[in-house]
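I opened this entry to record what I looked up, step by step. I begin with the ligand site and then move to the fold.

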Amino acid sequence: MEVILAETAGFCMGVDMALRRLDKLVAAPGGRPIHIIGPIIHNPQVLARYAEQGVVTAERPDDVPDGAYAVIRAHGITRQVEADLRARDVIIKDATCPRVKKAQLLIDRYTVDGEVLLLYGEADHPEVRGLVSYAGNGHHVFGSEEELNDLSLVPGVRYILAAQTTQDRTLFESMARRLEQDPDLDVTVLHTICDATKLRQSETSELADRVDFMVVVGGLNSGNTRRLAQVAVERGTPCSHVETAADLDTEALNHYSRIGVTAGASTPRVLIDQVLDVLESL
Ligand code: SF4
């Protein structure tokens, strides 16, 4: 069996930076408890390792006790939550990905004159909640072209169109073109999609065409990992999304001669290597 690993498999820059920051803090906490506002990444194995080291994942910002470190994860937080934390006796360690931060600041800057934000993304995703909090004059979140069509956009209102950093660039650009070309609408487009996502998706698509089967490694609750599995399936290649090597159906995999492996932006290298070891042993 031949096993081909995607070059872009695994941590993206934002996740890597956030985890390095957290590792540094764990190594020298200075006697303060460390609380993360929400899971640092969508990977249960990494979260379990940090929990063993005493890192607490706070469900709500109010759960961070006074005197503690409050770590902001790569997705960022809402403007209001950040203001509340700054008003309290906690030490903020901001690990918001620079690209998410840039998207927040662009939305802030482009909505100061009454513009309404149209955001392409998952309404209940923490990054999206953070992004829309920077639009002071209202917003609409839509997750598909159909949902965009259902919005009653009003001529005369100035709109800003942006996207969650991990959304599909091709779809976004086609919706953006349509809105920009509508003579009744005033829409300015902000380009906030991160290339890390696009590169992973396009490499997955190319790899899926060259193999008989794809294995996508990463948290089942990780949106960007799930999308990689979707991309492979859309290419017509059978695919299995696994969290760890233990989830591999080795018997079924034995029927394939060429297997492609990729991993979401929140998947640690050690989990990818364990999957490769099992596949290479078949
Ligand atoms: S996918 Fe891009 S925007 Fe999101 S955390 Fe990674 S580098 Fe940052």
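Predicted model: local features only at pLDDT ≥ 70, side-chain atom pairs only at ≥ 80, totals over all residues.

**Ligand shell**

Next I asked which residues come nearest to the ligand. Out of 14 around it, they are Cys 12, Gly 14, Cys 97, Arg 99 and Cys 194.

I then looked up the helices behind this shell. At least two shell residues come from each of helix H1 (13-27), helix H4 (98-110) and helix H8 (195-210). Which helix gives the most? H1 does, with three residues.

**Whole chain**

I turned to the chain as a whole. I find 11 helices and 12 strands in it. Its C-alpha atoms fill a box of roughly 60 × 55 × 25 Å along the principal axes.

A compact globule of 282 residues would have one near 19 Å, and the chain has 21 Å, so the two agree.

Of the 282 residues, 40% count as buried; for this I needed the cut-off of 20 or more other C-beta atoms within 10 Å. Residues 24 or more positions apart account for 73% of them.

My next stop was a sheet. In general, strands of a sheet pair through backbone hydrogen bonds, either parallel or antiparallel. This one is open, has four strands in the order S1-S12-S10-S11, and shows parallel pairing. Strand S1 (2-5) and strand S11 (239-242) are the edge strands, each pairing on one side only. On average, neighbouring strands of this sheet are turned by 20° against each other, direction ignored.

S1 and strand S12 (residues 258-263) pair in the parallel sense over four bridges. Which residue of S12 stands opposite Ile 4? I find Gly 260 there.

**Helices across the sheet**

H8, already noted for its part in the ligand shell, lies across S1, strand S10 (213-217) and S12. H8 runs at about 170° to S12. Helix H9 (residues 223-234) lies across S10, S11 and S12. For H9 I noted an angle of about 170° to S11.

How values were computed:
Residues numbered from 1 in each chain as written. Near = placed C-beta within 6 Å. Rg over C-alpha atoms; globule rule 2.2 N^0.38 Å. Buried ≥ 20, exposed ≤ 12 C-beta atoms within 10 Å, placed from the backbone. Contact = placed C-beta atoms within 7 Å. Pairing = 2+ DSSP bridges. Axes fitted to C-alpha atoms, helices over the stretch in contact; angles between N-to-C directions.
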